Amino acid sequence: MPAVKPKKSLGQHFLTNEDIAARIVESISSSPKNVLEIGPGMGVLTKYLLQKKYEQFKVVELDGESVEFLKSHYPDLSGNIIAQDFLKLDLNSLFKDQLVIIGNFPYNISSQILFKILDSKDLVNETVGMFQKEVAERVASQPGNKQYGILSVLLQAFYDIEYLFTVDENQFLPPPKVKSAVIRLVRNPQKRLSCSESLFKQVVKAGFNQRRKTLRNSLSQFEFQPDFRQNEIFAKRPEQLTVQDFELICMNVIQ
């Protein structure tokens, strides 16, 4: 039996393959000063991250049993274990400079983690994470694919995303019912959109919420500039549009 009992309520599936753990850590493409690991559990990634001697390395772990395990097995983490919910964390109060986020993310909150990273895009310049394969494919998917959706567009507006490798169910304890995958998000040069970010989110969500319809129908709630109303873009479905296409639509919304 493992030293820490995996808790279903926290979506815990402990990675047991050391080679994969080392490979995830080596997937960080930059040379960061600051690193935050989400959900370290029993420290399968942590041990390799500690070897890197980052200027600032912290872990955030909600599970009290895992926190006690980390304290007793990784004394080098002393003072750098945040026993909180990552989704409620104020990253700007913890890190004053850009950071990398890494983790074997709990599958039940993985989309929420990505949205929080997006909200902190000026601080988080890279993320390497293990996700449910379906979510990883959705995030990394390009226009024209059926997996391409809201998460794809919103994240790809600010991050270059790469699907790195697939991980089999039997590499975890307990084995999840789905395959997993590791992806990497690297901040792109886009500082801000050419339209309001809140409007961009509204338009993207409205488009994909009725993804079988053309944009002329799914975006009927918005009013557009007269010379844009007959644009051929409205005959398309949302999964056919690039980030730049959605920006163009937003720039022509009358507010």
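Predicted model: local features only at pLDDT ≥ 70, side-chain atom pairs only at ≥ 80, totals over all residues.
How many bridges join β5 to β6? Six, and the two strands run parallel.

Residues are numbered from 1 along each chain as its sequence is written, and side-chain values use heavy atoms, leaving out hydrogens and water.

**The sheet.** Select the seven strands of the open, mixed sheet: β4-β3-β2-β5-β6-β9-β7. Strands pair if DSSP finds at least two bridges between them. β4 (81-82) and β7 are the edges, each pairing on one side only. Now pick Leu99; its bridge partner in β6 is Val124.

**Helix α1.** Next, select residues 18-26. Ile20, Ala21, Ile24 and Val25 are buried (under 20% relative accessible area, exposed being over 50% and partly exposed in between; 1.4 Å probe, protein chains only). They lie on the same side of α1 because they cover an arc of only 140° around the axis, taken from the directions from the helix axis to the C-beta atoms. Asp19 and Glu26 are exposed on the other side.

**The cores.** Show the largest nonpolar core, 55 residues: buried Ala, Val, Leu, Ile, Met, Phe, Trp, Tyr and Cys joined through side-chain atoms within 4.5 Å. Leu36, Phe86, Ile101, Phe200 and Ile249 touch the most other members. Helix α8 (residues 197-209) gives the largest share, six residues. A second, separate core of 32 residues includes Ile20, Val44, Tyr74 and Val167.

Conventions. Helix = DSSP H or I, 4+ residues; strand = E, 2+ residues; numbered from the N terminus.
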